[in-house]
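Visitor: Hi! Could you walk me through this one in simple words?

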Amino acid sequence: MTDPKPEIENVRVFIRVRPLNKKETSEDRKNVVLVDTAENLIVLNKDGNGEKRKPYKFDQIFAESSTQMDLYRVIAAPIVEKVLQGFNGTIFAYGQTGTGKTYTMAGNFSNSDSKGITPNAFSHIFTQISRSSEEKSFVVTVTYLEIYNEEVRDLLSANPNKKLAIRERTDVGVYVKDLMGFTVDSWKASPNY
Ligand SMILES: Nc1ncnc2c1ncn2[C@@H]1O[C@H](COP(=O)(O)OP(=O)(O)OP(=O)(O)O)[C@@H](O)[C@H]1O
């Protein structure tokens, strides 16, 4: 007997194409990324040679017109729902400099249309906790670290310049020594999600 298909795959990979910025437009640069959102295919039209174009397929491609909330609903909301049920979840942004990782993950916290995955996840988590039955209890803890040039720093520490060590223990696995964790019980920004 085969296992039932999981509700969401364990690993999903998405592409977001960002619009050309003002500088790129003023330099008359052209978008070389062709997106087929129906088939979730992406093609780099670099050479302009149709025969050489190779399509790449992903779980979903977000075209440049997609909104922060379009991404949140598809990418993050199912993971946050699973986390609230007690599963682990990770959302990871990858791309070369200037491609929109910070915009997608953080965005602009003070503008509701530009809020990225992180502030929308905070709203989502605390909204769901406030609606849950009293028999359930939740503990929300936050840590915030930077890995840059293979050096780890704690961005919530009073001393964020201090380099931290990566350690491993059989009971907890890989961890960052002395990383600060704070328990939080609310999120003050207006909810978006
Ligand atoms: N989907 C988008 N819509 C509008 N503007 C965007 C979008 N994605 C990125 N931008 C803008 O493009 C610029 C570069 O984006 P961002 O800083 O998020 O890139 P990054 O991948 O985090 O770069 P780095 O690795 O250098 O930190 C920013 O000005 C950002 O506001």
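Guide: Happy to, starting with a term: two residues are in contact if their C-beta atoms, placed from the backbone, lie within 7 Å. In this chain, 49% of the contacts with a separation of 6 or more are between residues 24 or more positions apart.

Visitor: Okay, and where does the model come from?

Guide: This is a predicted model, where local features need pLDDT of at least 70, side-chain atom pairs count only at pLDDT 80 or more, and totals for chains, interfaces and linings use all residues. Residues are numbered from 1 along each chain as its sequence is written.

Visitor: How many helices and strands are there in the chain?

Guide: The chain has four helices and twelve strands. Both are DSSP runs numbered from the N terminus: helices are H or I with at least four residues, strands are E with at least two.

Visitor: How do β2 and β3 pair?

Guide: Strands pair if DSSP finds at least two bridges between them. β2 (residues 33–36) and β3 (residues 41–44) are antiparallel, with four bridges. D36 has L41 in β3 as its bridge partner.

Visitor: What's in the turn of that hairpin?

Guide: Four residues lie between β2 and β3, and N40 in the turn has a positive phi of about 55°.

Visitor: Which strand do three bridges join to β3?

Guide: That's β4 (residues 55–57), running antiparallel to β3. Here I42 has Y56 in β4 as its bridge partner.

Visitor: New topic: what's the strand order in the open sheet?

Guide: The order is β7-β8-β9, with antiparallel pairing. β7 (145–148) and β9 (163–164) are the edge strands, each pairing on one side only. Between β7 and β8 (residues 151–154) there are four bridges, and E146 stands opposite R153 in β8.
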